[in-house]
Amino acid sequence: MIDFGFSTYGAKNKYQRARPFMANGAPTCTPQAEAMLRKDGSYPSGHSAIGYGWALVLAQLLPDRTSVLVARGRAFGESRRICNVHWLSDVE
């Protein structure tokens, strides 16, 4: 988790992109985390990096399940967009 998630911080710190809930005022799935998220750039999504990274590692271990694992890894990142804490381009 640390390696994949923190790999995004160079770009996060450079761009400091505001998160969707900060721009659109709509609720998030985790209102208790909003204060912390306001201080942490939106682009790129660390959770997407974690989900996709784990999926690729697991796919190496279980190659017959690659398509299912990669789809689940992508869905993990996509959930952050659905929860209004990342933009589509953050996840992609």
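Is Arg 17 buried, partly exposed or exposed, and what is its relative accessible area? Arg 17 is partly exposed, with a relative accessible area of 31%; here buried denotes under 20% relative accessible area, exposed over 50%, and partly exposed the range in between, computed with a 1.4 Å probe and protein chains only. The views below show a predicted model, in which local features need pLDDT of at least 70, side-chain atom pairs count only at pLDDT 80 or more, and totals for chains, interfaces and linings use all residues. Residues are numbered from 1 along each chain as its sequence is written, and side-chain values use heavy atoms, with hydrogens and water left out.

**View 1. The salt bridge between Arg 17 and Asp 90.** The side chains of these two residues meet at 2.8 Å, N to O; a salt bridge is a side-chain nitrogen of Lys or Arg within 4 Å of a carboxyl oxygen of Asp or Glu. The pair links distant parts of the chain, 73 residues apart, with Arg 17 in the loop between α2 and α3 and Asp 90 in helix α7. Helices are DSSP runs (H or I, at least four residues) numbered from the N terminus. Asp 90 is buried, with a relative accessible area of 3%. Its side chain also makes a polar contact of 3.3 Å with the side chain of His 86, a polar contact being a pair of N or O atoms within 3.5 Å, of which, within protein, one must be able to donate a hydrogen and the other to accept it, and residues adjacent in sequence count only if both atoms are side-chain atoms. Beyond its neighbours within four places in sequence, Asp 90 is in contact (heavy atoms within 4.5 Å) with Arg 17, Ser 42, Tyr 43, Pro 44 and Ser 45.

**View 2. The salt-bridge network of Lys 12, Arg 19 and Asp 40.** Asp 40 lies in the loop between α4 and α5 and Arg 19 in the loop between α2 and α3, so that the pair links distant parts of the chain, 21 residues apart. Both residues are buried: Asp 40 has a relative accessible area of 13%, and Arg 19 is at 2% relative accessibility.

**View 3. Helix α5 and its surroundings.** The helix comprises residues 46–61 and reaches 23 Å from its first C-alpha to its last, close to the 22 Å expected (1.5 Å times one less than its number of residues). Its N-terminal end is capped by Ser 45, of which a side-chain oxygen lies 3.4 Å from the backbone nitrogen of His 47. Buried residues of α5 include Gly 46, Ile 50 and Ala 59, and the buried residues of the helix pack against α1, α2, α6 and α7. Trp 54, by contrast, is partly exposed at 40% relative accessibility.

**View 4. The salt bridge between Glu 78 and Arg 81 in helix α6.** The side chains meet at 2.4 Å, N to O, and the two residues are three residues apart, about one turn of the helix. Glu 78 is buried, with a relative accessible area of 18%, whereas Arg 81 is partly exposed at 34%.
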